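Please look at the sequence and the three-dimensional model together.

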Amino acid sequence: MFNDRQLETITELRRDLHRHPELKFEETRTADIVAEHLQKLGYKVTKNIAQTGVMGELDTGREGPVIAFRADMDALPIHEANTFAHESRNAGLMHACGHDGHTAALLLAAETIMAQRDSLSGHLKLIFQPAEEGGNGAARMIEEGVLDNPRVSAIFGYHNRPGFPAGQVFVKPGPAMGGNDTFRLKISGRSGHAAMPHLAVDPIYVGASIVQQLQGLVGRHKSPLEAGVITVAAFHAGDAANVIPGDAELVVNIRSDRPSSRDALVGKLEALVNGVCAAHGATFRLEHEHQIPPLVNDIFWAERVLELSRTCEVSNDIQQLDYMPTMGAEDFAFYLQEVPGCFFFVGNGDSAYLHNEHYDFNDHILPIAGGVFVALAKGLMKPE
């Protein structure tokens with residue numbers, strides 16, 4: 001499907017992106033490289049979508065579906081510990097999640113798809129998105145119209161997965177990645193002397209009660225057949241041994257696998273906090289700082305990804321999972337709330353895990369991931 005020249009070129013491009021990581025909404029160099037590459041291939045290119053996003057379009061001129069493929073471009077604020085030739089040259093920044101590989105794989109596919117344009121029908125959009133890491137770049141791209149004019153009928157993307165065999169393609173129909181809701185809770189009590197707690201309202205005691213009660217939402221309000229977890233990631237209060245502080249602050253992170261589990265956890269959070277605080281005479285302020293919905297693959301399109309990947313023999317190991325491979329969040333979920341589609345996975349082998357200072361994308365899976373995109377284009381955009 002790809003020749004040696006293509007693989008050598010795209011591998012060097014991927015490693016170049018790894019050497020020059022850029023944070024969310026700062027991916028200017030990466031965007032310029034992507035745009036130039038797409039323009040040379042003959043795509044209609046739109047830049048500066050959602051600040052640094054890029055979209056390449058292929059209109060075949062023949063009636064057919066409107067298909068979108070997406071890759072993310074941003075890096076993380078992690079100091080790289082690798083010492084290979086393509087290690088990060090930007091201090092404190094690193095492609096520790098493989099977005100350099102996601103971008104490269106879609107650019108690899110873009111070349112082969114363009115070369116086969118005369119055998120395709122419909123319209124293809126290649127979406128290169130900024131700010132997947134904590135910036136909800138997908139939501140911004142949607143707001144700025146990447147799914148419209150013409151309206152996308154199905155969208156596809158992927159993520160590499162360390163710990164799975166290198167090159168294994170796998171798909172989870174239905175819930176496939178967790179939603180992420182992060183809250184900051186400030187509890188206001190009444191400060192006092194540690195020897196006279198009856199004259200104070202202790203926000204630490206109230207906060208500790210809330211921490212305990214939160215697990216009741218997981219164990220007694222969410223269905224045991226659905227997935228979800230609540231983590232109190234921070235708890236700050238007080239600094240003196242003989243003082244009950246006036247305030248406490250907690251950071252609460254909620255993961256859920258589908259809208260119903262999210263409703264059971266997020267939907268009852270404020271009522272629980274209000275009840276505990278009221279019982280002890282405290283007040284509170286609850287701020288919703290960040291939200292990504294659960295990623296739910298359309299069952300029909302998940303089956304099509306598996307079918308077309310097998311038909312085109314992009315990998316000798318293609319699997320359908322019956323369990324969620326991760327509760328980690330992915331803002332591709334925003335696209336799937338708007339149009340049907342599928343987010344698939346490609347095994348990265350025994351590399352360090354994602355967001356780790358020793359992680360690196362496995363270049364050997366570039367033709368696998370790129371091949372799935374080509375298989376989808378050929379299978380879904382073939383003339384009637």
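Alanine 234 counts as buried because its relative accessibility is 17%; buried means under 20% relative accessible area, exposed over 50%, and partly exposed in between, with a 1.4 Å probe and protein chains only. The model is predicted, so local features need pLDDT of at least 70 and side-chain atom pairs count only at pLDDT 80 or more, while totals for chains, interfaces and linings use all residues. Residues are numbered from 1 along each chain as its sequence is written, and side-chain values use heavy atoms, with hydrogens and water left out.

Alanine 234 belongs to strand S10. Helices (H or I, at least four residues) and strands (E, at least two) are DSSP runs, numbered from the N terminus. Not counting residues up to four places away in sequence, alanine 234 touches Glu249, Leu250 and Val251; contact means heavy atoms within 4.5 Å. Phenylalanine 334 is 100 residues from alanine 234 in sequence, and their C-alpha atoms are 27 Å apart in space.

Strand S10 is part of an open sheet of 4 strands with antiparallel pairing, in the order S10-S12-S8-S13. Strand S10 (228-236) and strand S13 (283-292) are the edges: each has a single partner strand, so one side of each is left without a neighbour in the sheet. From one strand to the next, the twist averages 20°. Two strands pair if DSSP finds at least two bridges between them; S10 and strand S12 (residues 247-256) run antiparallel and are joined by 8 bridges. Within S12, leucine 250 stands opposite phenylalanine 235.

Two helices lie across this sheet. Helix H6 (residues 259-280) lies across S8, S10, S12 and S13, at about 165° to S13. For such angles, axes are lines fitted to C-alpha atoms, for helices over the stretch in contact, and angles run from 0 to 180 degrees between N-to-C directions.

A further open sheet has 8 strands with mixed pairing, in the order S1-S2-S4-S3-S5-S16-S6-S15. Its edge strands, S1 (44-49) and S15 (318-320), each pair on one side only. Strands of a sheet pair through backbone hydrogen bonds, either parallel or antiparallel. Strand S2 (residues 53-59) and strand S4 (residues 123-129) pair in the antiparallel sense over 6 bridges, and methionine 55 stands opposite isoleucine 127 in S4.

Helix H3 (residues 99-115) lies across S2, strand S3 (66-72), S4 and strand S5 (154-162), at about 145° to S3. Threonine 103 is found in helix H3 and counts as buried because its relative accessibility is 0%. The contacts of threonine 103, leaving aside neighbours within four places in sequence, include Ala71 and Phe128. Alanine 71 is 32 residues from threonine 103 along the chain, yet their C-alpha atoms are separated by 5.3 Å.

Lysine 172 lies in the loop between strand S6 (169-171) and strand S7 (174-177). A polar atom of the lysine 172 side chain lies 2.9 Å from the backbone oxygen of proline 175.

Terms used
A polar contact is a pair of N or O atoms within 3.5 Å; within protein, one must be able to donate a hydrogen and the other to accept it, and residues adjacent in sequence count only if both atoms are side-chain atoms.
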